[in-house]
Amino acid sequence: MKLLKTLVFLALVGVAMAAAAIWGGVYNVGADDPHWSATYRVLEVARTRSISVRAADIQVPDLSDAELIRNGAGNYSAMCVTCHLSPDAEETELSVGLYPRPPRWDALGKVDPREAFWVLKHGIKASGMPAWGKSMDDRYLWGMVAFMQQFPSMTAAQYSAQVAASDGHSHGGGETDVGGGDPHAGHDGKNAERSSFEPVDDPMAPAGDDRPADEHDSEDDHHH
Ligand code: HEC
């Protein structure tokens, strides 16, 4: 009985300390403050196991189907390059700012197709990876999986050619204009047509760097 009382007391002290730490804001949720390596390893195992268990029974369609790949190319370049990049893309504000960092395109080509499909459809909690299954039918998701499987041997020229030959962002309705509503539009005239997820350059850089002078003109247009 005495032992039981002691254990209950210790458990309560533990809960109280945890509550005090949470309320005291001890835990830093900032994306620029990486996990401890032990925490990271535990989360990594949890993520890997969660995905592989759930993806195990998924039936994979014929990923060499040219039409599937063609459709995937347009959707990938419209919705994924901003985070996962492509053979012809530089780092973007999202690709460097997110934590966990989005894996690069070349890494995506090596993911098991069932697992890639599962992640694409359901997303990953508390990371930047959205659940695309909420807006897209499975066959369009498979299109992107099929396209990603081509990545390991793909050059920048082949990537651009595949995207040019596709129908762009198309998945049977409900597409949003991913590149539109550009919050950066006009922060430097020639970028008005560029996606909001522009490659990282330094718009606050002092004049005198290697960019043409007209890019520095209207400082008050910078909304960073
Ligand atoms: C806003 C950023 C963002 C966008 C847009 C995005 N992703 Fe992701 N994606 C991530 C992040 C971050 C991860 C890693 C999550 C983690 O490790 O917990 C990820 C993970 C993945 C993975 C799993 C990789 C692995 O090693 O298991 C696949 C596959 C993937 N994304 C494909 C896509 C595709 C295809 C698209 C476009 C439809 C897309 N993503 C759009 C941020 C993004």
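Helix 2 is hardly covered: of its 19 residues, the count that is buried is zero. A residue is buried if 20 or more other C-beta atoms lie within 10 Å of its own, exposed if 12 or fewer, and partly exposed in between, with C-beta atoms placed from the backbone. The model is predicted, so local features need pLDDT of at least 70 and side-chain atom pairs count only at pLDDT 80 or more, while totals for chains, interfaces and linings use all residues. Residues are numbered from 1 along each chain as its sequence is written.

**Exercise 1.** Describe the span of helix 2 and of helix 3, and the cover of helix 3.

*Solution.* Step 1: the expected span of a helix is 1.5 Å times one less than its number of residues. Step 2: helix 2 covers residues 37-55 and reaches 27 Å from first to last C-alpha, close to the expected 27 Å. Step 3: helix 3 has 14 residues and reaches 20 Å between its end C-alpha atoms, close to the expected 20 Å. Step 4: helix 3 is mostly covered, with eleven of its 14 residues buried. Among them are Leu 68, Ile 69, Asn 71, Tyr 76 and Met 79.

**Exercise 2.** Describe the shell of residues around the ligand.

*Solution.* Step 1: a residue is near a molecule or strand if its C-beta atom, placed from the backbone, lies within 6 Å of it. Step 2: there are 24 residues around the ligand, and Cys 80, Cys 83, Ser 127, Gly 128 and Met 129 come nearest. Step 3: helix 3 (66-79), helix 4 (81-84) and helix 7 (113-122) are the elements that give two or more residues to this shell. Helix 7 gives the most, with four residues. Step 4: Ala, Val, Leu, Ile, Met, Phe, Trp, Tyr, Cys and Pro count as nonpolar, Asp, Glu, Lys and Arg as charged, and the others, Gly among them, as polar. The shell then has 18 nonpolar, four polar and two charged residues.

**Exercise 3.** Classify the crossing of helix 7 and helix 8 by angle and by hand.

*Solution.* Step 1: axes are lines fitted to C-alpha atoms, for helices over the stretch in contact, and angles run from 0 to 180 degrees between N-to-C directions. Step 2: the axes of helix 7 and helix 8 (residues 138-149) come within 10 Å and cross at roughly 135°. Helix 7 is therefore oblique to helix 8; angles under 35 degrees count as roughly parallel, over 145 as roughly antiparallel, 65 to 115 as roughly perpendicular and the rest as oblique. Step 3: the crossing of the two helices is right-handed, the term for a near helix turned clockwise from the far one by less than a right angle, with anticlockwise being left-handed.

**Exercise 4.** Find the backbone exceptions at Leu 85, Pro 100 and Ala 126.

*Solution.* Step 1: most residues other than glycine have a negative phi, and most peptide bonds are trans. Step 2: Leu 85, in the loop between helix 4 and helix 5, has a positive phi near 65°. Leu 85 counts as buried because it has 21 C-beta neighbours inside 10 Å. Step 3: Ala 126, in the loop between helix 7 and helix 8, has a positive phi of about 50°. Ala 126 has 8 C-beta neighbours inside 10 Å and therefore counts as exposed. Step 4: a cis peptide bond, with omega about 0°, joins Tyr 99 and Pro 100.
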